[in-house]
Amino acid sequence: MKTNAYAAQNATTPLAPFSFERRELGEHDVQIEILYCGVCHSDLHTVRSEWSSTTYPCVPGHEIVGRVKNVGAKVNKFREGDTVGVGCMVDSCRTCANCKDNLEQFCEKGTIFTYNSPDKHTGGITYGGYSESIVVDKEFVLKIPKNLDLAATAPLLCAGITTYSPLRYHNVSKGQKVGVVGLGGLGHMGVKLAKALGAHVVVFTTSPGKG
Ligand SMILES: [Zn+2]
Ligand SMILES: [Zn+2]
């Protein structure tokens, strides 16, 4: 399906309109109309080829919130009209020890990220959420409650989980103190989440305005 997007054509020019074909809906796939996509600094690093070398054109975006347009024949847990999210991963091998342990981000064969990763379906690379629609395997699609502010929900797909995960891993709870260094895109999420988990939260910042 033809999809309009914003893409970087190289490491120095601004993003510009770009269109490409999303894959056809497979039997395990969910086709999503993208409503919102957060801007993560990883998007900027990738677009500027500041990490590993970026494949261009690059359509970034891995904080995706949208509405289900269609589902494949073997998809039961989503239906048309559902509000859903997609984070930084869209696939993995599903068979290695880490995948079996629900740690797809550590897939031994290589996690397939939402953009700038090899796309086994198209033979090209994956294109992310700065686009009108996306087709994602059901195992990498998340349910989003309808009562949330969807624009504000999008950053939870990366900044949110990045800060929620360590807080849960360390069982942060009432009576504990949590220090958050920097009150930016992730830091402010860390403050909210740690506070919600009952911790005493302390922020370290060098910006007087954030005091
Ligand atoms: Zn991110
Ligand atoms: Zn794996």
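Predicted model: local features only at pLDDT ≥ 70, side-chain atom pairs only at ≥ 80, totals over all residues.
Helix H5 spans residues 187-196 and sits on the path from strand E10 to strand E11, a β-α-β crossover that is right-handed. Which residues of H5 are buried? They are Met 189, Gly 190, Leu 193 and Ala 194. Looking down the axis of H5, you'd find these buried residues within an arc of 120°, so they line one face of the helix. Their cover includes helix H4 (159-169), along with E10 and E11.

E10 (residues 177-181) and E11 (residues 200-204) run parallel and are joined by five bridges. To find the pairing by eye, look for Val 181, which stands opposite Phe 204 in E11. In a regular strand, side chains alternate between the two faces of the sheet.

Time to step back to the whole chain. It is divided into domain 1 (2-154) and domain 2 (160-210), and the centres of the two, taken over C-alpha atoms, are separated by 27 Å.

Elsewhere in the chain, five strands make up an open sheet with antiparallel pairing, and the order is E8-E3-E4-E5-E9. Strand E8 (133-137) and strand E9 (142-143) are the edges, each pairing on one side only. Inside the sheet, strand E4 (residues 64-71) and strand E5 (residues 83-86) pair in the antiparallel sense over four bridges; Val 65 stands opposite Gly 85 in E5.

What about the nonpolar core? Nonpolar side chains tend to be buried together in soluble globular proteins. Here the largest nonpolar core has 41 residues, and those with the most contacts inside it are Val 30, Ile 32, Val 59, Ile 64, Val 86, Ile 134 and Val 136. Elements that each supply at least two residues of this core include E4, E5, E8, E10 and H5, while E3 gives the most, with four residues. The core also draws at least three residues from each of domain 1 and domain 2.

Leaving aside residues up to four places away in sequence, Val 86 touches Ile 32, Ile 64, Thr 114, Gly 129, Ile 134, Val 136, Phe 140, Val 141 and Leu 157.

Note on methods
Residues numbered from 1 in each chain as written. Chains lettered and ligands numbered in written order. Pairing = 2+ DSSP bridges. Right-handed = clockwise from strand over helix to strand, strands pointing away. Domains from an automatic or database assignment. Core = buried A, V, L, I, M, F, W, Y, C linked by C-beta atoms within 7 Å. Buried ≥ 20, exposed ≤ 12 C-beta atoms within 10 Å, placed from the backbone. Contact = placed C-beta atoms within 7 Å. Arc of directions from axis to C-beta.
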